[in-house]
Amino acid sequence: MLNPQHKARLERRIVGSTNRWRLPQEPFFGDLLALPQMCQALGIDIEETLKNPERLRIPKIQKIFTENLKDKASQNGEADVTLECLGFKWELHQPQLLQSETLTKLYLAALGRGGSSPHRALLPGKVQERSRVKRMIISLKINDPAVTRVAFATALKNLYLKDEEMNVEEVLGVLASAHVLQFSHLFKRCVVTMMNGLRPSTIKNFYLAGLRYKEEQLTTACEKWLEMNLVPLMATQIHLRHIPQELLQKVLRSPRLFTFSEFHLLKTLLMWAYLQLNSKIQAIPIHETMLTFFNRRKHPEGLLFFSVPLLSFPKKCCFLDRDIGQSWLPLFLCLRLHSITSGRDLEELRHINFFPESWLIRVTANHYHAVESGGDMAHLKDLTTQAVRFGLLFDQENTTHSKMISIYGFFFEIKGIKHDTTSYSFYMQRIRHTDLDSPSTICEHSAVSLKSERLVKYEIRAQTLVEGRWQEFSTNQITQKFGFVQPCCKSHALKIQTVGIPIYASFAFIFPLS
């Protein structure tokens, strides 16, 4: 029995019938019989190695090789190594090759097998001159379909040319190549290029690449970009269909999600569902086409409605109660249907036969109780996850931008003002229904509250992208009584300084018990 307090003895690591050493993850591992073979293959003096075992680490070897080859590289420009990969032979030079950890390991393994040697010793210490020998050949097998010959050639080109321009169209293949080569500098450049190249046509593939290579910085950038652009940009693009459900659900749950209103967000999510079910559609349909699609309560048996045969279903069965709708239920549970208060919008919800009747009854009942209690939203407690939300997209052309909203008989104006090239302010204020531009039109299907004061808990946020980084501004949560006259009719103003454009301004509020 071994005493557990004693350290386990170091074991010899033997590879093949002649070589005792291999490339270790740790430096000098204590096998004095194997160490001379390793030093001889690498051209390292054994006495120097015993003094500093750390130099046997791969990153150390790469650094020492590179530094020495600046002065000792061959002057005739001939390649030192031939890389066989993807059916091609690529001629490489040692100083450039050593930037890749994968190629460095292959190179050192070839040295260890004694198949060839460099033109001269490459590591410092007591070294011996070596005679000129034939070019070394190394092989690399790649099974990643994302690594094309063109992308791999671009990656190898970056071993020689620093900061070579890279377009967004080829970056996925170059990223995959950099990952295979373990070429960290190029990999980081690819990630930055992808983060700066996010748009409707690239968001899906860039997000999946971030997941595949566990690049959290990239996946976070994709999520943040979609939080801002899901409603104002993706809702009108056919690329909306490619958004993965997992990513979409993350974005819908985010408190930073920007939307013009909850109904805009609902229409975007309905369009995503429509595009999933109609894979051959190549253009975003008009809103009425989508409504008609979901309002079909009974379908002829065998009709290729969802690209697969669909049987008839009961007239009272809504879409989310069917099997295909159940898989998307978590997405639609993220919606704040209680924020949809317009009578016309609520009628549309009932008309499309999409949501369970129990959901619509609960929304209607909450609206009824709120109106009866003077606007109090007794069913809402948490501003972050339950607030009624509206948004303004402030772009280059705007000097002022505003929107009128009404809820439970109270009327507010949300507004943004540009004071100069970098200075903006955003606020909300209560107004009388008689002060509206078209009071009869706006109030035709709305209640009107005559209460002189309304307690409001709110938060105003602004977000914008500046040089690849998102800037966020907020008033934090404020509780205030809004009247009809200054100064109590106006909220706290969110004042910001930024060069970013556009600015995504969000207004979230609830009416607490008063």
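**Charges over rings**

Tutor: The charged end of K224 sits over the ring of W470, 5.6 Å from the ring's centre. "Over a ring" is used when NZ of Lys or CZ of Arg is within 6 Å of the ring centre and within 35 degrees of the ring normal. This is a predicted model, where local features need pLDDT of at least 70, side-chain atom pairs count only at pLDDT 80 or more, and totals for chains, interfaces and linings use all residues. Residues are numbered from 1 along each chain as its sequence is written, and side-chain values use heavy atoms, with hydrogens and water left out.

Student: And what lies over the face of Y427?
Tutor: That is K490, at 4.1 Å from the ring centre.

Student: New topic: how many aromatic pairs does the structure hold?
Tutor: There are 26. Rings of Phe, Tyr and Trp (its six-membered ring) pair if their centres lie within 6.5 Å; planes under 30 degrees apart count as stacked, over 60 as edge-to-face and the rest as tilted. For F332 and F354 the centres are 4.7 Å apart and the planes are at 50 degrees, so this pair is tilted.

Student: Which parts does that pair tie together?
Tutor: F332 is in helix α15 (residues 329-332), while F354 is in the loop between α16 (343-351) and α17 (357-372), so the pair links parts 22 residues apart in sequence. Helices (H or I, at least four residues) and strands (E, at least two) are DSSP runs, numbered from the N terminus.

Student: Is F332 buried or exposed?
Tutor: F332 counts as buried, at 1% relative accessibility. F354 is buried too, with a relative accessible area of 0%. Buried means under 20% relative accessible area, exposed over 50%, and partly exposed in between (1.4 Å probe, protein chains only).

Student: Which residues form the aromatic cluster?
Tutor: W272, Y274, F293, F294, F319, W328, F332, F354, F355 and W359 form one cluster.

Student: Let's switch to helix α6. Which residues of α6 are buried?
Tutor: They are A151, F152, T154, A155, L156, N158 and L159.

Student: What do the buried residues of α6 pack against?
Tutor: They pack against β1 (81-85), β2 (88-92), α4 (94-97), α5, α7 (171-181) and α8 (184-196). Contact here means heavy atoms within 4.5 Å.

Student: And which residues of α5 are buried?
Tutor: In α5, the buried residues are T102, L103, T104, Y107, L108, A110, L111 and G112.
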